[in-house]
Structures are given as structure tokens and as C-alpha cells.
Amino acid sequence: MREITKVEIITRPEKLEELKEAMNAIGVTGMTVTQVYGCGLSKGHKEVYRGKEVTVNLLPKVKIEIVVCEVPVEKVLDAAKKACRTGNIGDGKIFVYSIANAVRIRTGEEGDIAIMDPKDTTK
Amino acid sequence: MREITKVEIITRPEKLEELKEAMNAIGVTGMTVTQVYGCGLSKGHKEVYRGKEVTVNLLPKVKIEIVVCEVPVEKVLDAAKKACRTGNIGDGKIFVYSIANAVRIRTGEEGDIAIMDPKDTTK
Amino acid sequence: MREITKVEIITRPEKLEELKEAMNAIGVTGMTVTQVYGCGLSKGHKEVYRGKEVTVNLLPKVKIEIVVCEVPVEKVLDAAKKACRTGNIGDGKIFVYSIANAVRIRTGEEGDIAIMDPKDTTK
Ligand SMILES: Nc1ncnc2c1ncn2[C@@H]1O[C@H](COP(=O)(O)OP(=O)(O)OP(=O)(O)O)[C@@H](O)[C@H]1O
Ligand SMILES: Nc1ncnc2c1ncn2[C@@H]1O[C@H](COP(=O)(O)OP(=O)(O)OP(=O)(O)O)[C@@H](O)[C@H]1O
Ligand SMILES: Nc1ncnc2c1ncn2[C@@H]1O[C@H](COP(=O)(O)OP(=O)(O)OP(=O)(O)O)[C@@H](O)[C@H]1O
Ligand SMILES: [Mg+2]
Ligand SMILES: [Mg+2]
Ligand SMILES: [Mg+2]
């Protein structure tokens, strides 16, 4: 079984659509999106929210989880950085995790094949 | 310390109750549920949502996280597949992660014992 | 690259503020908060919710994710236990995961430096 990896992107909600298109373009087969609140806690620098400078507290963010195997992690990171970057504080973070196993519930398939597109696995 | 594992199930919201009962039946001691949005991004196949075929976009899904140690991971996967499977696209995915440590906040206990039922650990 | 670790705390929503202050005090540079529902499934013991004893079902909880590198994991666990503990069932759990990589989207920095405070990395 090839390595399965989760890329977790925490970024501005307004970047979701652009990120989705960027992932689609590189062949990502799925993603899971959660509304979260993010908190900077950083020593003195401020994030601008709705035109006002705020001492970074709990601001609405979006968490996007993308599990990949065929698509290289580096490609996902590059596309996500390009889609989410504004250059300002609050652009967000990406965390990468290794995954022990994956299952496609519809078919019961396990491992790398579980996250591949069925069109590609039946070739 | 025995191995601690997280099983993360992303499936249809209407399957939550059935899944909860299935987990209870095999001795799972807890679970955490998050409302999420899922996105298929698959090449051309469509998921049916509320009787309409939609090009898979952001559909409401539910994420269930279950951390186990005593209960074998295979048993959790089998029960989850049985509970969540309809045979149609959109049934969802299961991802398995290995966990480095666990803590029961009430008592401070760490490791496998932190996720065991107190009734079993005080025997 | 030094080890990067995620500490995931699932606890009572009313403990969020205290936890945030405790994390700030030990130098944690960020956190991500998700509203979740928690489920005990435990054999017979009950959790008190809004003054009523309930057979533990889906109760509102809060999940706090904290990724650290410089701040020792043990320090995070100790501060979280102190902040979230009431001594009653339902205080919650902490799960610890190892992380393969981290990226600061604003700058593209990867690894431990991605979660350090910029004030410290530019010294
Ligand atoms: N150490 C961390 N652990 C967990 N989540 C974090 C952490 N740091 C940041 N986050 C999440 O990422 C969001 C963006 O964080 P923050 O603004 O500090 O990062 P940033 O945009 O990279 O800022 P900077 O560019 O100054 O580092 C936060 O609101 C929070 O949800
Ligand atoms: N690669 C992935 N990374 C993260 N989340 C995913 C991924 N693939 C699927 N998901 C999540 O699982 C949900 C169900 O996905 P999808 O319908 O593609 O899987 P499926 O039901 O197994 O479909 P199929 O049976 O065609 O593979 C999605 O809405 C999404 O939340
Ligand atoms: N095994 C588990 N897997 C995933 N989430 C869990 C698990 N056990 C507990 N949780 C989460 O933690 C919350 C608190 O759980 P619970 O009340 O059982 O733990 P606790 O406060 O440590 O109780 P006790 O002190 O009796 O062990 C739950 O509502 C759930 O969200
Ligand atoms: Mg910051
Ligand atoms: Mg699909
Ligand atoms: Mg309990």
C-alpha cells in the first residue's frame, strides 16, 4: 500500500472557493470542510478583520481536510499556498499528518484504493 | 501502553443514530461528532441529494471520531461499514490514525487507561 | 526539524475562555476551536447537563486543537488539565498526535518555524 497523507488547511473562509478549484485542478478526489474559530495568541501583532484591527482572538476560519495518495503532498501544499495567500497575518496554517488506513464505505475497499477515483481504479 | 487509534468516519448525517447504536453494541466508550461539509470532486459521477442529482459540491456530512484501544480497530471498521453503507455514491470514507497519547481530564490518567470505561479499570 | 505535535482537547464549552488564557500564559502561539457534540456511551454512569442527570448522549462540547513545537507537550497537558478539570464526569479527554509537517501560508515557511511566533524567528 502506498502512503496515505492528510493535509489540513486552516485559512480565511473567503478563500474556500478558490482553494476548491485549485484542488480540483490537481486531481484531488475529495475534501471535508469544517467551520472553525481560530485564535492567534501572538505577541502583539494584530489581524485585520472586517476593516478593523483586532487583537487576535477567536475569528471565523475554515478548516479543509484533504486525504491524498496518488496526488503528491508537495503539489497540494503548493496549490494551497498559492490559493490562500494574501501576504497578511491570518492567512493560516497547513498541517500534514500520516494516515494508517482508509476505507471507502460504499465498496469496503481499504488502503490507497479507497481514496482513488473509481474511474481510475476500474481501468 | 497498548496502541491507541483514532477511527474517523465521514458519512451521511441520517446515519448517525444507527452508527451510534452500532458502536455502543461493540463496547466503544465515547465518540465526538462534528457537522462538516463534504465535497466529492470526482470525475463526472454525481451524488443524489434530496432526490436531485448534483455535481458533487459541498454537501452536509457528519464526522464521527472514535478513539479506541481495547476494542479492535477491525471491529470498529466492520460495524461502521455495516451501519453507514447504502451502496450509493456518498456513503463516505473512514480514515484511521495512530495516536501518541490520551488523557482523561477528570482523573489525569494517561495512556490506554484514559479511554477505558472507569467501571472496567476499577475492577 | 524539531518534532511537531498536535494536542486535541475535548471539553466543556464553558471552559474555553479559561483554557485560552492558560495556553496564552505558557506561550502557545495559536489554537483552532470547533463546536462538536460528545457522546459518553459509558456503562451506566451519567453526566449532569443543565442541572439534570442525563444518560450520556450527544452533549455540546468544544474541541481545541493546539499545535506546538517549542512549548513542551507536557506543559500543554498540565495547563489543560488544570484549566478544564472540575472533577465530574464529562470533563473530557485529551488526545496527542504527531505531525509530519507544518506550513505558514503567509510566508511559505515549513517545519517547526511555521508555528513559531514571527517575533521570535526574526530575532
Ligand atoms: N499553533 C497552532 N495550533 C493550532 N492552530 C493554529 C496554530 N496557529 C495558527 N492556527 C490556526 O491558524 C489560523 C491562522 O493563524 P495565524 O493568523 O496565527 O497564522 P498566520 O496567518 O500564519 O499568521 P502569521 O502569518 O503571523 O503566522 C488561526 O486562526 C488558527 O485557527
Ligand atoms: N480524499 C478525501 N479527503 C478528505 N475527505 C474526503 C475525501 N474523499 C471523500 N471525503 C469525504 O467523504 C465524503 C464522501 O465522499 P465521496 O462521496 O467521494 O466518497 P464515497 O461515498 O466513498 O464515494 P465513492 O463511493 O464514489 O468513492 C465527502 O463528502 C468528503 O466529506
Ligand atoms: N473514546 C472516545 N473517542 C472519541 N471521543 C471521546 C472518547 N471518549 C470521550 N470522548 C469525547 O470526550 C467527551 C467527554 O467524554 P467523557 O465524559 O466520557 O469523558 P470524561 O469526562 O473523561 O468522563 P470520565 O471521567 O467518566 O471518563 C465526550 O463527550 C466525547 O466528545
Ligand atoms: Mg500569527
Ligand atoms: Mg466519490
Ligand atoms: Mg465517561
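**Notes on helix packing and chain contacts**

1. Helix 1 of chain C crosses helix 2 of chain C in a right-handed way. Keep in mind while reading that this is a predicted model. The contact draws on E18(C), L19(C), A22(C) and M23(C) from helix 1 of chain C, and on V76(C), A79(C), A80(C), A83(C) and C84(C) from helix 2 of chain C. Sorted by class, that contact of helix 1 of chain C with helix 2 of chain C comes out as eight nonpolar, no polar and one charged residues.

2. Now the geometry of that pair. In chain C, helix 1 covers residues 16–25 and helix 2 covers residues 73–84; their axes come within 9 Å and cross at roughly 150°. Angles over 145 degrees count as roughly antiparallel, so helix 1 of chain C is roughly antiparallel to helix 2 of chain C.

3. On to chain B. The axes of helix 1 (residues 16–25) of chain B and helix 2 (residues 73–84) of chain B come within 9 Å, with a crossing at roughly 150°. Helix 1 of chain B and helix 2 of chain B are therefore roughly antiparallel, and their crossing is right-handed. On the helix 1 side of chain B, the contact is made by E18(B), L19(B), A22(B) and M23(B), and on the helix 2 side by V76(B), A79(B), A80(B), A83(B) and C84(B). The class count for this contact of helix 1 of chain B with helix 2 of chain B is eight nonpolar, no polar and one charged.

4. Next, how chain C meets chain A. Chain C puts 32 residues into the contact and chain A puts in 34. About 2,700 Å² is buried between chain C and chain A, with carbon and sulfur atoms giving 58% of that area. If you want places to look on the chain C side, V103(C), I105(C) and R106(C) lose the most area to chain A, together 27% of what that side buries.

5. There are two salt bridges between chain C and chain A.

6. Last, chain B against chain A. Here the contact takes 34 residues from chain B and 32 residues from chain A. The area buried between chain B and chain A is about 2,700 Å², and carbon and sulfur atoms account for 57% of it. Chain B and chain A have two salt bridges between them. E110(A) pairs with K81(B) in a salt bridge, and the closest N and O atoms there are 3.8 Å apart.

How values were computed
Residues numbered from 1 in each chain as written. Chains lettered and ligands numbered in written order. Predicted model: local features only at pLDDT ≥ 70, side-chain atom pairs only at ≥ 80, totals over all residues. Heavy atoms only, no water. Axes fitted to C-alpha atoms, helices over the stretch in contact; angles between N-to-C directions. Helix = DSSP H or I, 4+ residues; strand = E, 2+ residues; numbered from the N terminus. Parallel < 35°, antiparallel > 145°, perpendicular 65-115°, else oblique. Left-handed = near helix turned anticlockwise from the far one by under 90°. Contact = heavy atoms within 4.5 Å. Nonpolar A, V, L, I, M, F, W, Y, C, P; charged D, E, K, R; others polar. Buried area = accessible area lost by both parts, 1.4 Å probe. Salt bridge = Lys/Arg side-chain N within 4 Å of Asp/Glu carboxyl O.
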